[in-house]
Amino acid sequence: MKINILEISKNKDFDLEIVLVNNLNQIEYEKDREILENLEFKVKDETAVLLAQSKKIYASFEEFTYDSLAIAMATAIKRFNSTKYKSVKLLLNNSLKDNFKALVEGSILGSYSFDNYKSEKSNKKQELAFVVDDKDSQLTTILKESQTICEAVNSARDMVNTAPADFTPKSFVNCEILGEKDLEKQKMMSMHSVGRASIHESQLIHLKYKPKKAIKKVVLVGKGLTYDSGGLSLKPADFMITMKADKSGGVAVLNTIKVIAKLKLPIEVHAIIGAVENMIGGNAYKPDDILRAKNGKTIEVRNTDAEGRLVLADCLCYAQDEIKNIDYLLDFAT
């Protein structure tokens, strides 16, 4: 979806208008207010109604906060996307200008869809315009930054939604990594054991962003289980569905360092991902096995479906051994 900032003087026609509401009494058109009251429209987050006759989408928000306004805008955009209309506008008053970041990010994230595997894909082209009295550089800057951030968020969503057959440990990045032989040399047998039964080699990925004059050093560690069957402690069939999403921690870390680099933030960032597939087979690790992590600690396996902590244990040890003077060390996992 294309997003623009447009000056009201341009006088462009739009198919629809989004109206954000946190008080029904503030609705300008009496007929619309009566219809909304008859529809029992409530001022609650995630509520939006399209009134086709007046060509308006009314979306409610409970308070002037980032979350409430972003949710309202996302809900309105989803309603817009469900129609055949091609263009929609939102008039920005001073209060909405002050919350422009929430409006932009709610719009982009709300318009997300994943249709990579659908036989019939939508080629619909739609446009959103934020209409202002006078265009200023601050709004343009916010728009560009928010688009960069949301691009990374939606990229993460695409990766999480990708089927496990198409997203293996080697799919995260094309760069220098530590493979299984390297894991053995590093004595990272906790992580190594989890991926032993998979036909896809386990990968420890270490990405770096080092700007000049960095004010902090942050390390992000992500669990990247591209699929988790549970191993020999096999999950029930219903519980195995959606386990393609067990890579979400690693995906979040990967896209976080990407957006930090694009925004050129003054923070040194290290992204470490334990990319592994937990499968069954003759070489699978077993309950009762004793594994030795990188720091020398021994771990007794009681359930092979508790694999995430085994992967993160070695990744966290690697981070502390390889990276000096860390200010913040954060781990991400499902």
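Modeller: The end C-alpha atoms of residues 303–310 lie 11 Å apart, and that span is 38% helix and 0% strand. Helices (H or I, at least four residues) and strands (E, at least two) are DSSP runs, numbered from the N terminus. This is a predicted model: local features need pLDDT of at least 70, side-chain atom pairs count only at pLDDT 80 or more, and totals for chains, interfaces and linings use all residues. Residues are numbered from 1 along each chain as its sequence is written, and side-chain values use heavy atoms, with hydrogens and water left out.

Colleague: What does UniProt place at residues 303–310?

Modeller: The unreviewed entry has the feature "domain: Cytosol aminopeptidase" there. UniProt annotations may be inferred rather than shown by experiment.

Colleague: Pockets next. What volume does the largest pocket have?

Modeller: About 550 Å³. A pocket here is an open set of points on a 1 Å grid over the protein atoms alone, where a 1.4 Å probe fits, with protein on both sides within 12 Å along at least five of seven lines. The volume is the space filled by probe spheres set on the points.

Colleague: Which residues lie nearest its centre?

Modeller: Asn-81, Ser-111, Tyr-112, Ser-113 and Lys-124, out of 20 lining residues. Lining means an atom within 4 Å of a point. Strand S1 (2–7) and helix H5 (137–161) each give two or more residues. H5 has the largest share, 3 residues.

Colleague: How does that lining divide by class?

Modeller: 5 nonpolar, 7 polar and 8 charged. Asp, Glu, Lys and Arg count as charged; Ala, Val, Leu, Ile, Met, Phe, Trp, Tyr, Cys and Pro as nonpolar; the others, Gly among them, as polar.

Colleague: And the second largest pocket, how much space lies in it?

Modeller: About 480 Å³. Its lining has 12 nonpolar, 5 polar and 3 charged residues. S2 gives the largest share, 5 residues.

Colleague: Switching to rings. How many aromatic pairs does the search find?

Modeller: 4 in the whole structure. Rings of Phe, Tyr and Trp (its six-membered ring) pair if their centres lie within 6.5 Å; planes over 60 degrees apart count as edge-to-face. Phe-61 and Phe-64 are edge-to-face, at 5.0 Å centre to centre and 75° between the planes.

Colleague: Why is the pair of Phe-167 and Phe-172 edge-to-face?

Modeller: Because their planes are at 85°, with centres 5.0 Å apart.

Colleague: Is Phe-167 buried or exposed?

Modeller: Buried, at 5% relative accessible area; the cut-off is under 20%. Phe-172 is buried too, at 4%.

Note on methods: Rings of Phe, Tyr and Trp (its six-membered ring) pair if their centres lie within 6.5 Å; planes under 30 degrees apart count as stacked, over 60 as edge-to-face and the rest as tilted. Buried means under 20% relative accessible area, exposed over 50%, partly exposed in between (1.4 Å probe, protein chains only).
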